[in-house]
Amino acid sequence: MGLDTVELIIAVERNFDISIRDDAASGLDTVGKLRDFVVIELNRLQRPRVNSDIVLDQLRTIICAQLGVRPEQLHLTTRFVQDLGAD
């Protein structure tokens, strides 16, 4: 994981108040995988009203801010390194 992806993971952890282990983070290479991980983790922590669409909207905001990309570039299959140029 490069600096861009590490900073993205930290921003996601802060926003959702969760922890993402390094071994888990290395497998979160698409927007969809990251969304699914966050939803599962929030459910595991028994957070109220976990909605995958809301999680995705929040992730879009974080990803756009961290990586300087446009929201329309982000789909569930979008890869952080290959498609968005994150290091």
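1. Helix α3, spanning residues 31–44, comprises 14 residues and extends 20 Å from its first C-alpha to its last, close to the 20 Å expected at 1.5 Å a residue. The expected span is 1.5 Å times one less than the number of residues. Helices here are DSSP runs (H or I, at least four residues), numbered from the N terminus. The model is predicted: local features need pLDDT of at least 70 and side-chain atom pairs count only at pLDDT 80 or more, whereas totals for chains, interfaces and linings use all residues. Residues are numbered from 1 along each chain as its sequence is written, and side-chain values use heavy atoms, with hydrogens and water left out.

2. The buried residues of α3 are Val31, Gly32, Leu34, Arg35, Phe37, Val38, Val39, Glu41 and Leu42. Buried means under 20% relative accessible area, exposed over 50%, and partly exposed in between (1.4 Å probe, protein chains only). These buried residues pack against α1, α2 (22–25) and α4 (52–67), contact being heavy atoms within 4.5 Å. After α3 comes Gln46, which has a positive phi near 60°.

3. Arg35 is buried, at 14% relative accessible area, while Asp36 is partly exposed, at 37%.

4. The structure contains eight salt bridges, each defined as a side-chain nitrogen of Lys or Arg within 4 Å of a carboxyl oxygen of Asp or Glu. One of them joins the side chains of Asp17 and Arg47 (3.9 Å, N to O). This pair connects distant parts of the chain, 30 residues apart: Asp17 lies in the loop between α1 and α2, and Arg47 in the loop between α3 and α4. Asp17 is exposed at 56% relative accessibility; Arg47 is partly exposed at 28%.

5. A further salt bridge pairs the side chains of Asp23 and Arg21 (3.0 Å, N to O). Both Asp23 and Arg21 are exposed.

6. The largest pocket has a volume of about 180 Å³. Of its 12 lining residues, Thr5, Ala25, Leu28, Asp29 and Val81 are the closest to its centre. A pocket is an open set of points on a 1 Å grid over the protein atoms alone where a 1.4 Å probe fits, with protein on both sides within 12 Å along at least five of seven lines; lining residues have an atom within 4 Å of a point. Helix α1 (residues 3–16) supplies the largest share of the lining, three residues. By class, the lining holds seven nonpolar, four polar and one charged residue.

How values were computed: Points joined across faces, edges and corners; volume = space filled by probe spheres on them. Helix = DSSP H or I, 4+ residues; strand = E, 2+ residues; numbered from the N terminus. Nonpolar A, V, L, I, M, F, W, Y, C, P; charged D, E, K, R; others polar.
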